[in-house]
Amino acid sequence: MSRAALPRESRDTLFLLAALAWTLLPQCMQVPLWCAVLASAALAWRAWLAWSGHALPSRHLLLLALVGASIGTLVSHQSLIGPSAGVTLLVVLSALKTLELRARRDATVVFYLGFFLVLANFLHSQSLVTAFAMGLSVWLLLAALVLAHLPDRLQVPPPLRQALALSARLLLTGLPLVVALFLLFPRIAPLWSMPGPGAARTGLSDHLALGDVAELAQDDTLALRLQFDGPVPAPSQLYFRGPVLSEPDGSGWQRRRRFTAGAEPAMASTTARSLRYEMTVEPLGLGTLPMLEHARTGPTLPDAGLDRSWLHEPEGAWITERPLTERLRVQATAVLDTPVHDPTAAPASPVQANDLRWQPYLALPDGQHPRTIAWADAQRVSVVPNPADSARRAQWLLDYIRQQPFVYTLAPGLSGPDPVDSFWLDRRAGFCEHYASAVVVVLRRWGVPARIVTGYLGGQVNPLNGVLEVRQRDAHAWVEYWQGSRGWVRLDPTGAVAPERIQRGERLAAPRGLVGQTLVNLDPRLLEQARALWGAAEHQWNQWVLGYSAHRQQDLLRSLGWDSVDSRALGQWLAGAFAAVVGIGVTWAALRTRLQRRDPWLQGHERLRQILRRRGYEVPAHLAPTGLLTHLKTMTLADLTDLQRPLDLLSQWRYADATQHTPQRTLWRCAWRAAGRLPRRQGTQQVRALGFRRHRR
């Protein structure tokens with residue numbers, strides 16, 4: 001069956017199903033798998049019924065499906081109440097409701113369920129992509145609602161493009177009001193977010209196993225955006241400190257849970273350079289806020305309504321009381337004073353292994369890395385005899401990495417039962433966490449306190465807006481070791497095997513997808529330009545839409561001349577303005593309705609009589625176009641051909657098939673113009689004389 005042969009009811013139903021399917025599509029990645037399958041099957045079944053014209057299923061079957069969906073929701077979420085369970089039920093019930101579309105009332109319920117689904121999508125994501133997708137959903141749902149109320153014209157259903165055009169005009173008409181409400185409505189704490197593990201992206205964690213960062217570095221999603229009060233620092237200074245991992249747990253490293261006094265990072269020097277910046281953090285699902293080293297004061301939240309507290313750990317990381325499961329904008333100051341490895345530094349007194357402060361940073365897991373530990377023992381004396389010269393020992397390790405055939409790669413391959421032994425002594429191919437883990441094991445065996453720091457390194461400056469974009473593929477791991485009076489010193493063994501990663505911020509490129517590879521084949525710069533353009537647009541969306549806080553709203557109102565403003569006064573002003581707009585709209589609608597109650601034919605006829613009256617011709621109101629023309633011929637000798645043509649067409653329009661003629665209003669306009677060109681009427685006696693002479697002839 002072709003689309004043209006479909007009945008109007010089937011065509012309108014298929015259009016509504018397409019709009020609803022587009023709205024449900026993002027939810028399929030958030031709800032349980034059974035829910036997505038059930039909703040897709042219900043929509044596909046309803047589309048087949050509309051196309052084939054078969055009868056709808058019985059209500060008993062729908063009731064059984066409803067009970068099954070409720071049980072599935074209860075099993076998946078352990079409750080029928082709550083945001084996640086509510087969204088799951090909304091998705092299922094919206095799809096099942098389409099299977100009982102029997103009347104316009106049912107269609108109206110589906111329309112408004114679709115609008116609720118649009119709002120539900122913003123519970124999971126408020127990105128620019130989601131905004132575009134849901135804007136299209138609103139347009140399609142509104143077009144389906146308009147289409148359901150458009151009447152047939154002479155048994156011909158209205159075209160889809162007419163409903164789409166009318167709904168687009170409605171949206172554009174209401175857009176100024178939406179913008180005004182967004183700018184002026186009192187700002188409330190963020191409502192459209194749903195904290196939880198499912199809202200966060202894969203990112204750094206408080207535990208590190210070899211291969212975690214390499215897998216993360218193939219993820220191109222955004223992690224951080226930064227705007228600096230000044231020039232962007234060099235890539236070698238862009239170390240974003242995340243979780244500090246100092247406790248071995250057998251399979252990797254984890255963050256310490258308890259701390260003792262002492263062994264804190266070195267204090268900032270008076271000549272250190274301070275750098276202020278604003279950072280937008282994506283939902284990383286991390287309890288540690290990645291901050292540019294070193295941040296001596298806690299971050300501030302410029303957005304009103306957000307409430308977070310920060311704990312500065314002795315290891316230099318900033319911890320929040322709950323994971324970062326929503327986008328966050330912070331302002332902070334970095335002190336670029338982190339001590340960096342210097343092989344010429346003077347040795348200091350060695351640390352004591354029995355000192356409780358250093359035991360966590362010297363501990364090695366029992367029974368793990370036996371070959372690496374044996375290798376470290378064999379090299380201990382021949383490397384640097386002085387055990388206090390930690391800088392020389394660290395430098396020896398860097399030279400060893402440079403001299404041996406080590407390889408920096410995202411795909412080191414399968415390792416043996418002990419990943420550190422396999423990497424350090426056999427394969428010698430790995431990513432940053434392989435080098436950091438092996439170096440920490442060797443340094444600790446040599447009596448040098450050491451730990452692993454994870455975070456991000458470098459980033460890419462967007463050329464369109466100067467914003468530094470840090471992505472998940474910028475994830476990095478490095479080493480810190482204790483060096484006497486200098487405190488904790490950064491040692492990045494990656495620089496020994498891949499110096500371009502540290503000095504220029506270059507990354508190992510993950511395999512491109514089909515679209516990315518196609519753009520690169522067309523023009524190598526095309527992919528980067530498209531990414532920069534999209535990144536700039538997304539940053540503006542985050543800053544001016546998602547980041548439009550009460551503080552920014554007050555700044556806008558002050559720029560408009562409203563110096564003293566509070567939420568109560570703003571709400572009262574908006575309520576009054578809204579009441580005024582509604583009153584004007586109701587008045588305009590009432591007047592328009594009153595005018596439209598009159599028959600357009602009678603309105604056109606009355607206006608024609610008014611024009612003729614101004615020219616001196618009185619025409620009775622009951623005369624049809626043909627009778628009106630006959631009456632005029634008795635009152636004037638002027639040529640009435642221009643008036644006769646539209647009046648004849650009006651008679652045909654009124655009493656014949658209307659589909660064969662010009663629209664009524666166009667014909668009336670022609671008649672009005674022709675009547676306005678008639679000569680003014682002569683005196684009554686002259687007209688009677690003319691009529692008498694005409695009668696004699």
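Colleague: Which residues does Arg 225 touch, not counting residues up to four places away in sequence?

Modeller: In this predicted model, Arg 225 touches Glu 278, Met 279, Thr 280, Glu 282, Val 467, Leu 468, Glu 469, Gly 535, Glu 538, His 539 and Asn 542.

Colleague: Where is Arg 225 found, and is Arg 225 buried or exposed?

Modeller: Arg 225 belongs to strand E2, which covers residues 222–228. Arg 225 counts as buried because its relative accessible area is 2%, under the 20% cut-off.

Colleague: With which side chain does the side chain of Arg 225 make a polar contact?

Modeller: The partner is the side chain of Glu 538, at 3.0 Å.

Colleague: Changing topic, which residues form the nonpolar patch on the surface?

Modeller: The patch consists of Leu 63, Leu 66, Val 67, Ile 71, Val 75 and Leu 93, and together they have about 510 Å² of accessible area.

Colleague: Which helix gives the most to the nonpolar patch?

Modeller: Helix H3, residues 59–77, gives the most, with five residues. Val 67 lies in that helix and is partly exposed, with a relative accessible area of 41%.

Colleague: And H1: how many of its residues are buried?

Modeller: Helix H1 is mostly covered, with 12 of its 17 residues buried. Among them are Arg 8, Asp 12, Phe 15, Leu 16 and Leu 20.

Colleague: What do the buried residues of H1 pack against?

Modeller: They pack against helices H2 (33–52), H4 (83–97), H5 (104–124), H6 (128–149) and H7 (160–184).

Colleague: How far does H1 reach from its first C-alpha to its last?

Modeller: Helix H1 (residues 8–24) reaches 24 Å, close to the 24 Å expected at 1.5 Å a residue.

Methods
Residues numbered from 1 in each chain as written. Predicted model: local features only at pLDDT ≥ 70, side-chain atom pairs only at ≥ 80, totals over all residues. Heavy atoms only, no water. Patch = residues over 30% accessible without salt bridge, like charges linked within 9 Å, V, L, I, M, F, W, Y side chains within 5 Å. Areas by Shrake-Rupley, 256 points an atom, 1.4 Å probe, with all protein chains shown as cover. Salt bridge = Lys/Arg side-chain N within 4 Å of Asp/Glu carboxyl O. Helix = DSSP H or I, 4+ residues; strand = E, 2+ residues; numbered from the N terminus. Buried < 20%, exposed > 50% of the residue type's maximum accessible area, 1.4 Å probe, protein only. Expected span 1.5 Å × (residues − 1). Contact = heavy atoms within 4.5 Å. Polar contact = N/O pair within 3.5 Å; in protein donor to acceptor, adjacent residues only side chain to side chain.
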